[in-house]
Amino acid sequence: MDIYVIPRSFTVLYIYDNIVLLVLGTKEGVKMQENTKKILFSGVQPSGTLTLGNYIGAIRNFNLLQDEYNCIFCVVDMHAITVRQEPSLLRRRRLELAALYIASGLDPEKNLIYCQSQVSGHAELNWVLCCFTYMGELNRMTQFKDKVAKHPDNINAGLYTYPVLMAADILLFGTDLVPVGSDQKQHLEIARDIATRFNGIYGDVFTIPDGYFGKAGTRVMSLSDPLRKMSKSDTEDSFIAMLDEPDVIRRKMKRAVTDSETEIRFDREQKPGVSNLLEIISALDNVSIEQLEQEFAGKGYGDLKNRAADVVIAALEPIQHEHKKLMADKAYLQTMLDKNAETASKLSYRILNKVYRKIGFR
Ligand code: TYM
């Protein structure tokens with residue numbers, strides 16, 4: 001049995017097989033709970049403005065799942081440096097992302113929120129897994145090909161081996177579930193393949209993780225080119241940033257590309273712009289696409305765009321408000337990240353030690 005002490009909340013965490021026992025320090029004494037919750041891990045890069053795509057495809061789902069799982073939400077800053085980053089900006093964005101996690105409703109007392117570079121286990125397991133990954137597998141990664149096209153002047157080895165580091169992130173904690181947008185499906189698949197290969201040689205070391213993709217909005221599309229994914233590296237008007245002011249959101253929605261027809265119906269092929277707006281509303285307002293089609297029967301694209309703007313503003317405004325408050329106390333954010341990184345480090349040694357033993361390092 002492994003034992004971990006989490007100083008902040010006077011919590012002791014015992015991990016025995018897949019059963020996690022929590023000992024909670026309360027004023028009245030120590031209360032013991034059996035916690036058989038599964039483990040959830042996900043990460044977001046602090047490499048720029050976060051978009052509505054990041055929110056709907058990932059962060060919102062983190063929020064919905066946080067009570068059901070033991071959750072680990074990572075600020076994956078090591079992934080971010082596969083593209084050149086300005087150091088002071090990266091430092092700030094790490095804190096901003098941690099603040100956005102919390103502002104979006106992720107409870108820092110219940111979930112482990114920390115920065116990847118503060119937990120050396122990620123880099124250590126990455127190296128081991130690199131030796132169990134074939135170049136042929138990495139050559140098939142579509143995101144690598146996209147990034148090469150976008151950054152022809154900086155095709156570095158980190159970009160190439162990026163999926164292995166992502167596999168290490170996930171496998172380091174015995175993760176059961178990984179909520180991500182659909183653009184990460186291929187990366188998740190390779191993580192499962194690497195884990196299965198390793199287990200095939202050394203026995204049951206890694207848990208084989210499942211992906212979690214929300215019902216709607218697993219791929220939020222660009223507002224100016226709805227055939228492409230919404231991305232922070234695109235032009236300003238093509239994405240809504242999580243921190244965009246309400247009037248900016250309204251303006252961007254108004255300019256969203258639709259089509260030359262007038263009918264509001266869901267059809268990804270023929271009507272990608274309209275379908276994207278319907279999906280955004282459906283995801284954020286918890287209404288089915290069919291209900292929305294009925295609601296908008298006989299109405300125009302202007303109505304649809306107004307409704308989309310209303311729904312997005314209603315979702316993001318409280319987050320923005322909370323984010324501002326949190327960013328005013330950077331010391332709190334940094335202390336929280338430091339403490340959680342310590343806990344994550346301790347947790348990571350459970351799997352890492354097992355891996356090292358199996359391959360002959362111990
Ligand atoms: P990143 O930082 O590009 O994006 C973070 C999350 O947002 C989702 N996402 C979207 N979902 C729907 N529509 C969109 N337009 C959209 N854009 C982004 C992404 O799918 C992702 O879930 N490699 C990852 C980060 C990572 C990670 C991990 C994730 C590193 N290690 C381990 C899970 C587990 C990435 O680049 O995400």
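A crossing is termed left-handed if the near helix is turned anticlockwise from the far one by less than a right angle, and right-handed if clockwise. The structure is a predicted model, in which local features need pLDDT of at least 70 and side-chain atom pairs count only at pLDDT 80 or more, while totals for chains, interfaces and linings use all residues. Residues are numbered from 1 along each chain as its sequence is written, and side-chain values use heavy atoms, with hydrogens and water left out.

**View 1. Crossing of helices H1 and H10.** The crossing of H1 and H10 is left-handed. The axes of H1 (residues 52-65) and H10 (residues 272-285) come within 11 Å and cross at roughly 40°; axes are lines fitted to C-alpha atoms, for helices over the stretch in contact, and angles run from 0 to 180 degrees between N-to-C directions. H1 is therefore oblique to H10 (angles under 35 degrees count as roughly parallel, over 145 as roughly antiparallel, 65 to 115 as roughly perpendicular and the rest as oblique).

**View 2. Residues joining H1 to H10.** Leu 52, Tyr 55, Ile 56 and Arg 60 of H1 make the contact with Ile 280, Ala 283 and Leu 284 of H10 (contact means heavy atoms within 4.5 Å). Of these residues, six are nonpolar, none is polar and one is charged (Ala, Val, Leu, Ile, Met, Phe, Trp, Tyr, Cys and Pro count as nonpolar, Asp, Glu, Lys and Arg as charged, and the others, Gly among them, as polar).

**View 3. Setting within the chain.** The chain holds 13 helices and nine strands, which are DSSP runs numbered from the N terminus (helices H or I, at least four residues; strands E, at least two). Its C-alpha atoms fill a box of roughly 65 × 55 × 40 Å along the principal axes.
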